[in-house]
Each structure stands twice: as C-alpha cells, then as structure tokens.
Amino acid sequence: MLCVMMLGGITFIKVLQIRGTLARMKYPRCKAKFTNILGNGVCNDIEPYNTAQCGYDGGDCGDGFPKAALDYPDCFVFHQNEIGNNKCWDWPPYNTPECGFDGGDCLTQQGPPVDGYPDCFVSRPDNSPMLIGDGYCHDYPPYNTPECGFDDGDCERNAVEDYPNCFVHDPGAIGDGNCNNVPPYNTTECGFDGGDCAEPIPV
C-alpha cells in the first residue's frame, strides 16, 4: 500500500512538471512562477497569470473579458463574489477605486506600515505571507511604488525606448497589445502603456 501511494505521488509530481514545461513552451512570454497551474481548470485572476502573455491563465479565465461586479458598474472582474466578502484581494482590478477597493475589504484590513517603509501599507488577510521583498516583483500598486521601495527591490526600474520618463519592470509590456491598466504602465510618462490603454487610469 505504501509503495502504491509513493508511486502515485511521484506520478502526480511528474504530471505537474510536464504540464509546467508544456505551458512554458506554449506561452514563452508568460512570467508566471508556477506555470503548472496554467490551464488547470481554475481561473487564477491575478497577474501575471490572467494576462494575454499567459493565455489568460491557460484559458481558465475565458477570453480575458470579465464581467461587471454588482454595485460597481465600472468594476470588471472574473470573481464577482470576491468583491466585499471580508477578504482583501490586494491586487488589480479588485483593489482599485473602480471596484471600491475590493468592496471595502482592502480599506478595513490595512495593516501597519511595512518594516523599513513608513509610508507603505499593504493588506494581509488571514496572516498571509508578506509579499514585499519575497524575491518576485509584484508589478502593481501598492507594491511596485516608491513608498514600498519598488517591492523592496524586487521590481526593477528599466528605461523604455521612445518614452524617456518611463521606467517599468517589464519594458516589453509597453505597447504589446495588452492594456496593463496599472501605474507606472498606464500613465502619461509611458504613453498610456504605449497606446495599449485608450485612457489614463481614473482617479
């Protein structure tokens, strides 16, 4: 019985490894860390998974066109039931003015300032791990901002050709046909994501 369980576990791990390898081949520009969850039947509605570069989570998030959330007509998300459910989804599009800062969840769950950054405030529901300085660039506010030390150094400040005052972590995302509707991408300095975004971010 033990041998069968061990073989089953090894087989499962191999399947995940193969799935991740195939996903990297299919989406070479996808910057997701865990490519084995692309196309696993569950929409991971967070960057970089739910982006054009990652095939909208390997097709799990449909065609990339979410639906408007109840009570927030300008808020378009894939998981409408997560808006205002007392758990802060601390990333766009949920934690934005259009979505009422996740239906108010991200306003009530803001913790103390991050150590070393007195003006950096992030939400950590259920004592989730601190994302600041975890070795991965969380390329959206409030993480990739001066107040949070550009994710404590995880996010680079790279110059963008044709936009002398535009500095972003991923210059290749500027003008790639996919609107990155978060600063610093969708800003005047970056030509509103190189023209991918029709309008600046509402304030």
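A: Begin with a cut-off: a residue counts as buried when its relative accessible area is under 20%, as exposed when it is over 50%, and as partly exposed in between. The model here is predicted. Cys61 has a relative accessible area of 3%, so Cys61 is buried.

Q: Where does Cys61 lie, and which residues does Cys61 touch beyond those up to four places away in sequence?
A: Cys61 sits in the loop between helix 2 and strand 1 (67-69). With residues up to four places away set aside, Cys61 touches Cys43, Asn44, Asn50, Tyr56 and Phe78.

Q: How do strand 3 and strand 4 run, and how many bridges join them?
A: A general point on strands comes before the case. In a regular strand, side chains alternate between the two faces of the sheet. Strand 3 (residues 158-160) and strand 4 (residues 163-168) run antiparallel and are joined by 3 bridges. Asn158 stands opposite Val168 of strand 4. The two strands form a hairpin with 2 residues between them, and in the turn Asp162 has a positive phi of about 80°.

Q: Which residues touch the most other members of the largest nonpolar core?
A: In soluble globular proteins, nonpolar side chains tend to be buried together. The largest nonpolar core here has 23 residues, and Val77, Ile83, Ile132, Val168 and Ile174 touch the most other members. Strand 2 (72-77) and strand 4 each supply at least two residues of this core. Ile174, leaving aside neighbours within four places in sequence, is in contact with Val160, Tyr163, Cys166, Val168, Tyr185, Cys190, Asp193, Gly194 and Asp196. Apart from this core lies another, of 7 residues, including Cys30, Ala32, Tyr49 and Cys54.

Q: How many salt bridges does the structure hold?
A: Side chains of opposite charge can pair when their charged atoms come close. The structure holds 2 salt bridges. One joins Asp176 to Arg29, with the closest N and O atoms 3.9 Å apart. Asp176 is in the loop between strand 4 and helix 6 (191-194), while Arg29 is in the loop between helix 1 (2-26) and helix 2 (55-58), so this pair ties together parts 147 residues apart in sequence.

Q: What about the salt bridge between Asp170 and Lys31: which parts does the pair tie together?
A: The side chains of Asp170 and Lys31 meet at 3.7 Å, N to O. Asp170 belongs to the loop between strand 4 and helix 6 and Lys31 to the loop between helix 1 and helix 2, so the pair ties together parts that are 139 residues apart in sequence.

Q: Are these four side chains buried or partly exposed?
A: Asp170 has 15% relative accessibility and therefore counts as buried. Lys31, at 45%, is partly exposed. In the other pair, Asp176 is partly exposed at 26%, and Arg29 is partly exposed at 39%.

Methods: Residues are numbered from 1 along each chain as its sequence is written. This is a predicted model: local features need pLDDT of at least 70, side-chain atom pairs count only at pLDDT 80 or more; totals for chains, interfaces and linings use all residues. Side-chain values use heavy atoms; hydrogens and water are left out. Two strands pair if DSSP finds at least two bridges between them. A salt bridge is a side-chain nitrogen of Lys or Arg within 4 Å of a carboxyl oxygen of Asp or Glu. Buried means under 20% relative accessible area, exposed over 50%, partly exposed in between (1.4 Å probe, protein chains only). A nonpolar core is a set of buried Ala, Val, Leu, Ile, Met, Phe, Trp, Tyr and Cys residues joined through side-chain atoms within 4.5 Å. Contact means heavy atoms within 4.5 Å.
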